[in-house]
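Please open the model in your viewer and have the selection tool ready.

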Amino acid sequence: MMSSSSLAAPLNKTRTADVKPIRLQLDPMRLHEPARSKLSTVETQRIMVVFDDLVQKMELIEMLPVIVSHADLFKNIIDTETMNEIYRHEELKQAYETNSSIRTISNIIEKLPQLENYTRRFDKSLSYNANEKIAYHYYIQQSIRNVLRRLLQHNRFDAVKHILKNNNLLPPPKDLMRVLKMLRDSAMERFLTTPLEEREKVDQMKNLSIRLSSNEAVIAKLEKELNDAVAERDAEYH
């Protein structure tokens, strides 16, 4: 009598033979496009939210000087208190860029949220100018966080960007912004593509490259044969 293991062996072998490798059959004309249009996991969605939030905040920071210079365009969408916060931030930044003493902007510093008297933590081993520069960095960070919080809290980003674009005032993107957007798009494409799809995409790209090289060789051979035939015909006529 045959054992159960010996009976299962042919069956397992038959099943193994029936198993075929999975081929996703990506469209060669769409190799550069992601395989799907929506993110499938919460983790990847959170990562892209962080990317989008960072891009949005950096764009807003670049828009602030233009908003100050053309405040009348935004009087209907930016409330007075938020606009005052923007003014104070630009004054703070200008004072830092012109090397003004931090004492000259004490009225601005006092109005910052979560105010900390940063001068109490000055490093006595550093010069006064070095400590003042550190304090400036701290207060500017507090100021920009407050401005961004108010603008994003009231969902003003799209409206502000729309007004700037319609009035040809949208600041050109800086290199850092372009790199950040490229990184964001690259991450999105990778998240929308599984490892199996990525491998098949690479394989198809290699196959296309091989076929292209082969076709170029055939074309070169045919061109040579044609030229030889034309030269031979011309030789006969002469």
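What follows is a list of stops, each with something to select and a description of what is there.

**Before selecting anything**

This is a predicted model, in which local features need pLDDT of at least 70 and side-chain atom pairs count only at pLDDT 80 or more, while totals for chains, interfaces and linings use all residues. Residues are numbered from 1 along each chain as its sequence is written, and side-chain values use heavy atoms, with hydrogens and water left out.

**The whole protein**

Show the protein as a cartoon, and you will find eight helices and zero strands, where helices (H or I, at least four residues) and strands (E, at least two) are DSSP runs numbered from the N terminus. Of its 238 residues, 26% count as buried; buried means under 20% relative accessible area, exposed over 50%, and partly exposed in between, with a 1.4 Å probe and protein chains only. Among the contacts with a separation of 6 or more, 77% are accounted for by residues 24 or more positions apart, a contact being heavy atoms within 4.5 Å.

**Helices H2 and H7**

Select residues 42-69, which form helix H2, together with residues 175-191, which form helix H7. The two pack at an angle of about 165 degrees with their axes 10 Å apart; axes are lines fitted to C-alpha atoms, for helices over the stretch in contact, and angles run from 0 to 180 degrees between N-to-C directions. H2 and H7 are therefore roughly antiparallel to each other, since angles under 35 degrees count as roughly parallel, over 145 as roughly antiparallel, 65 to 115 as roughly perpendicular and the rest as oblique. Show side chains next: the contact includes Ile 47, Phe 51 and Met 58 of H2 and Leu 180, Arg 184 and Phe 191 of H7. By class, this contact of H2 with H7 has 13 nonpolar, one polar and four charged residues, where Ala, Val, Leu, Ile, Met, Phe, Trp, Tyr, Cys and Pro count as nonpolar, Asp, Glu, Lys and Arg as charged, and the others, Gly among them, as polar.

**His 89**

Which residues does His 89 touch, not counting those up to four places away in sequence? Centre the view on His 89, which lies in H3 and is buried, with a relative accessible area of 4%, and you will see that it touches Leu 64, Ile 140, Ser 143, Ile 144 and Val 147.

**Thr 104**

Move on to Thr 104, in the loop between H3 and helix H4 (106-109), which counts as exposed at 54% relative accessibility. Thr 104 and Leu 92 are 12 residues apart in sequence and 9.8 Å apart in space, C-alpha to C-alpha.

**Helix H6**

Finally, select residues 157-166, helix H6, whose buried residues are Phe 157, Val 160, Ile 163 and Leu 164. Seen down the axis of H6, these fall within an arc of 140 degrees, so they line one face of the helix; the arc is that of the directions from the helix axis to the C-beta atoms. H6 is followed by Asn 168, whose phi is positive, near 55 degrees.
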